[in-house]
Amino acid sequence: MNRMSDALPDGVQISAIPAFTDNYIWCLHNQTHAVVVDPGDAEPVQAFCKQNGLSLEAVLITHHHRDHTGGIARLASANPSLPVIGPAGGHIRGITRSVDEGDDIHLNVVNCAFTVMELPGHTLDHIAFYGHGLVLCGDTLFSGGCGRLFEGSPAQMHHSLNKLKRLPDNTRVFCTHEYTQANMQFALAVEPDNEELQQHANLIEKLRSEDNITLPSSMQKEKAINPFLRSHKSSVAAAASQWQGEELDDDTAVFTALRRWKDQF
Ligand code: ZN
Ligand code: FE
């Protein structure tokens, strides 16, 4: 078991269980055991496990929002000893193990281990799980975008995104919403001349027209196309300054303007 290895152990895969209109409940599983992340709804998780002959052995939670936690009670009532691992604070009903920055989680049933990263911004309790060359980042980083600031400040979110940016380029990024196509529209408004972004937007349009998932992404891709990871770029700073109507000269000010611009886009 080596979380620094950049792959999942042999025989372990990660599948998307769609929920609500645009959520994905990520499911780590082998032939017999499953671990799910952010089960906003129990029903699709139970259906997936039944269909694939899997027993649910643990639940990971990234933050308190209902679309990420709404299924906990029903999943736990089907298995009272189910570990539910998530943010500390005691505010999320059903959490059986609270974790914070740097904690290691060993999921022996799928032979995996993850390290907890605290990422305040979208909410103050937001955490991510990093290991095996992937990050389960909840509503902090989306492909081409980032979470809205419901609780944290722009500076906190900018700091959290910079933390994710320091992960290796080949890190696979598992976000919890299918927002990529709408995010491409905004990203193109910010950086109309970014060629990699133009190409990626075309790919996403094709994927969505065929009803395909656009995730996971990678840190390398996000650093090239996601305006919220590019506030240090002169092209992005210029666009944000123009929108704001004043010269913005530091990263955090550019990020703050981008987030406000996107909220009104
Ligand atoms: Zn959320
Ligand atoms: Fe959400």
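Let's start with Trp261: at 11% relative accessibility it counts as buried, since the cut-off for that is under 20%. Please keep in mind that we are looking at a predicted model.

So who are the neighbours of this ring? The structure holds eight aromatic pairs. In one of them, the ring centres of Phe186 and Trp261 are 5.3 Å apart and the planes meet at 80°, so we call this pair edge-to-face. Phe186 sits in helix α5 (residues 180–190) and Trp261 in helix α9 (residues 251–264), so to speak a link across 75 residues of the chain. Phe186 has 0% relative accessibility, and therefore counts as buried.

Phe186 also forms an edge-to-face pair with Phe265, with 5.1 Å from centre to centre and 75° between the planes. Phe265 belongs to the segment after α9, 79 residues away from Phe186. Ring pairs join Phe186, Phe228, Trp243, Phe255, Trp261 and Phe265 into a cluster.

Now, on to the metals. Which residues hold the iron ion, ligand 2? Its protein donors are Asp67, His68, Asp139 and His177, at 2.1 to 2.3 Å. The angles between the four donor atoms run from 85 to 166°, which makes the arrangement irregular. Along the chain, the donors follow the spacing D-H-x70-D-x37-H.

Asp139 bridges the iron ion and the zinc ion, ligand 1, and these two ions lie 3.2 Å apart. His68 is in helix α2 (residues 66–69) while Asp139 is in the loop between β10 and β11, so the pair ties together parts 71 residues apart in sequence. Both count as buried, with His68 at 0% and Asp139 at 3% relative accessibility.

How values were computed: Residues are numbered from 1 along each chain as its sequence is written. Chains are lettered from A and ligands numbered from 1 in the order in which they are written. This is a predicted model: local features need pLDDT of at least 70, side-chain atom pairs count only at pLDDT 80 or more; totals for chains, interfaces and linings use all residues. Side-chain values use heavy atoms; hydrogens and water are left out. Donors are N, O and S atoms within 2.8 Å of the metal (3.2 Å for Na, K and Ca); water is not among the atoms, so sites may look incomplete. Four donors count as tetrahedral if all angles lie between 85 and 135 degrees; four count as square planar and six as octahedral if opposite donors are over 155 degrees apart and all others between 65 and 115; anything else is irregular. Helices (H or I, at least four residues) and strands (E, at least two) are DSSP runs, numbered from the N terminus. Buried means under 20% relative accessible area, exposed over 50%, partly exposed in between (1.4 Å probe, protein chains only). Rings of Phe, Tyr and Trp (its six-membered ring) pair if their centres lie within 6.5 Å; planes under 30 degrees apart count as stacked, over 60 as edge-to-face and the rest as tilted.
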